[in-house]
Amino acid sequence: MEKSSGPLNVCRTLKIDLVINRLYMVFLGVALSALFYYRVTTLSHIIKTGESPFLPHFLIFTTELLFTFLWFLHQAFRWKPVVRTVHPERLPQDQEFPGVDVFVFTADPVMEPALGVMNTVLSAMALDYPPDKLAVYLSDDGGSSVTLNAVRETWKFSKWWIPFCRKYELKTRCADAYFSNEERESDDDVFGSSSDFLAEKKEMERRYYEFKERLEKLSANASGSVSRDHAAIIEVMNYANGEEMDLSTREVPCLVYVSREKRPSHPHHFKAGAVNTLIRVSAVISNAPYILILDCDHYCNDPTSARQAMCFYLDPEISPTLAFVQFPQAFHNISVHDIYDCRLNYFNRRWIGADGIGGPGICGCNLFLKREALYGTTIVKKDIDVNYLKRCFGPSNEIVKSIYEVSKPHSFKDMRSIDALKKELELVASVAYDNQSEWGKEVGFDYWSVVEDHSTSLVLFSRGWKSVWIDPPRPCFLGSCPTNLSDMLVQQARWGLGLMQVSLSKSSALVYWLRGKISTLHSMCFAANALDPINVIPLFGISVVPQICLLHGIPLYPKVSDPFFLVFAFIFVASLLKHVQEVLSYGQPIRDALYELRVWMMKSSSCYLFSTLGVVLDKVGLHKANFTLTNKVVDDDQKTLFHKGVYNFRASPLLIAPMCSLYILNVVCFMMGVARIIQSQKGDELFAQAVIALFAITVNYHVFDGMVLRKDRGRVSPSVFLISVAVTAIILSFASLILMF
């Protein structure tokens, strides 16, 4: 095809949102200044006269300071929101495309069943991209024979599936999604009336269900198949069992199984270690200049995603400094009632803003990365000392050679035999390879945190790289989201712990800003994300202090008749309305504003509490960060509750008890506080505190429902309810003792 005139991509500033955002910043900033003036003068008056307890006023002021600090950081996301569109039809001819290596990651065939993983692999192999320029690598961190045999079966089936997809230009190339009823209609539009198509489709469906049965038989032996102590296993399917193909005319991309060496005595660095291993293995085999990173449950929903990414990488104006193109995380199993905020729209809205001031961060998967950015090879010259390169990249000669050839990947048909590369591949996948190099420090993904995506993003931006956010109408990737409260909270706790580790280290966004490595607004964006877990402190402050003071008749806010009351009321109402405006502007239903607020409260009162405690213990050497897989297997009861929009409280008491305790405390304080107001006629002074308690009770009605009204298996267990009552009693007793003295 000939290249069409016009730009490959267009960036448009959301001017209406920009104006609303900046007006909001100004008005709320003025109101917050008035609030602080009120607090400072009130505290000064209390210190002089002693007419009211100092501690609760000081605590609520501290709470407001923390909320304001976090609010200030988040304004960077609102400064310049932009959206991008692409025009793949204007791309040059296919033979001019650069190579793409696709990385898919799995670790446990029990938690991540082989059928779902292999459907992701198939969808990646079937991308609408020249097959001779595409290679797919599956990283199996479990070293499971089940996964290896599943890859072999997938390779066999792919030789039928991929030509079928290309011949009939299927939009959905994940076989399982395609053969489900909800996906058929849109894909059958073009060839739906063709007898040849219908016949081939029927035959393909038969082959797929045979393939599915074989994988299910393999998965029956998944339990106990995971190994944490094994040598590196690398198998290139094109060459498996002595098979030789005419790679110059093949329709099926290269498929490679990789299980890096694992030894109990050596650190494996979680997902970052697996990513860096695939970077090295792929450098030896295909060495494509661009890398697509996928989680095992995120299949390619739009086969044109690589072409969309190339609309940025082949744009000479932005490509030289473009490190990665990030697509949103979208999910195929979302309920109509997104009660766990699985769509992550609050993150998506943030990245729209970050895109206007330097780019979003890496979101774990669904991104196209420039290999050169991970190598840091913009400074590599032809005459550089090879020994220096080996100190950085390790002792592999093939890796050093690939650094110079990153812009012109190997041609598969000219490759040496895989047998000749076997020792080199085992070397770069060995457990000790990182020890002899700068991998995980200066090269590749960062090692020291479980949120390797966040810390790696900061490293790339500090080196002058940028990124872009692209959210096309049809999601390019669809994953599987948590369908119960426990999985969501555990996942968020892990992320929160990692983010807090980064925040309190020399690699935090604010430290990079102080060093002049990242712009002010960009550093504020990343600091805001990383400091999300700190919300636990002000949330507990606003959920406990005003309520206990309401119970004891201690006013913390201005009287309703005081002009300063309007300041507090304006801040409260404006913040809620701004959230609703952002939800509606993004195209979400208004109920999502409630769901997002609930999830924020649940995270801040539960998992973020343990994230914050965990990082404190980690700092004193009493806790070590780890990585926990999210279960991709969903039982029927769990699925039913999820799709009904009913919260599933079957989780660890450590996660559920804090939010239940806060809820009970608010109910008790509200009821007794209202009684005190009626008795003492102090409604003018205590009105604001009563409203705060009532707001918390109303928004979190689902907690009351789970504790008191529901009788199903997903309710709050009686034992957790009793624990929460005991915790509430302890808090109230302790607070009463403090206020007495």
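In this predicted model, three strands make up an open sheet with mixed pairing, ordered β8-β13-β10. Strands here are DSSP runs of E with at least two residues, while helices are runs of H or I with at least four residues, both numbered from the N terminus; two strands pair if DSSP finds at least two bridges between them. The edges of the sheet are β8 (299-300) and β10 (330-331), each of which pairs on one side only. Between β8 and β13 (residues 477-479) the pairing is antiparallel and runs over two bridges, with Cys 300 standing opposite Phe 477 of β13.

Residues are numbered from 1 along each chain as its sequence is written, and side-chain values use heavy atoms, with hydrogens and water left out. Because the model is predicted, local features need pLDDT of at least 70 and side-chain atom pairs count only at pLDDT 80 or more, whereas totals for chains, interfaces and linings use all residues.

A nonpolar core is taken as a set of buried Ala, Val, Leu, Ile, Met, Phe, Trp, Tyr and Cys residues joined through side-chain atoms within 4.5 Å; buried means under 20% relative accessible area, exposed over 50%, and partly exposed in between (1.4 Å probe, protein chains only). With neighbours within four places in sequence set aside, the contacts of Val 102 (heavy atoms within 4.5 Å) include Ala 124, Leu 127, Tyr 137 and Leu 294.

Helix α15 (residues 452-462) is mostly covered, 11 of its 11 residues being buried. Among them are Glu 452, Asp 453, His 454 and Phe 461. Just after α15, Gly 464 takes a positive phi of about 100 degrees.

The structure holds 25 salt bridges, each defined as a side-chain nitrogen of Lys or Arg within 4 Å of a carboxyl oxygen of Asp or Glu. One of them joins Arg 371 and Asp 101, whose closest N and O atoms are 2.8 Å apart. This pair links distant parts of the chain, with Arg 371 in helix α11 (residues 371-375) and Asp 101 in strand β3 (residues 100-106), 270 residues apart. Both Arg 371 and Asp 101 are buried.

A salt bridge also forms between Asp 141 and Lys 262, with 3.9 Å between the closest N and O atoms. Here Asp 141 lies in the loop between β4 (134-140) and α4, and Lys 262 in the loop between β6 (254-259) and α8 (270-285), 121 residues apart. Asp 141 counts as buried because its relative accessibility is 11%, and Lys 262 counts as buried at 5%.

In a further salt bridge, the side chains of Arg 263 and Glu 261 meet at 2.9 Å, N to O. Arg 263 is partly exposed, with a relative accessible area of 28%, whereas Glu 261 is buried at 17%. Elsewhere, salt bridges that share partners join Glu 203, Arg 206, Arg 207 and Glu 210 into one network.
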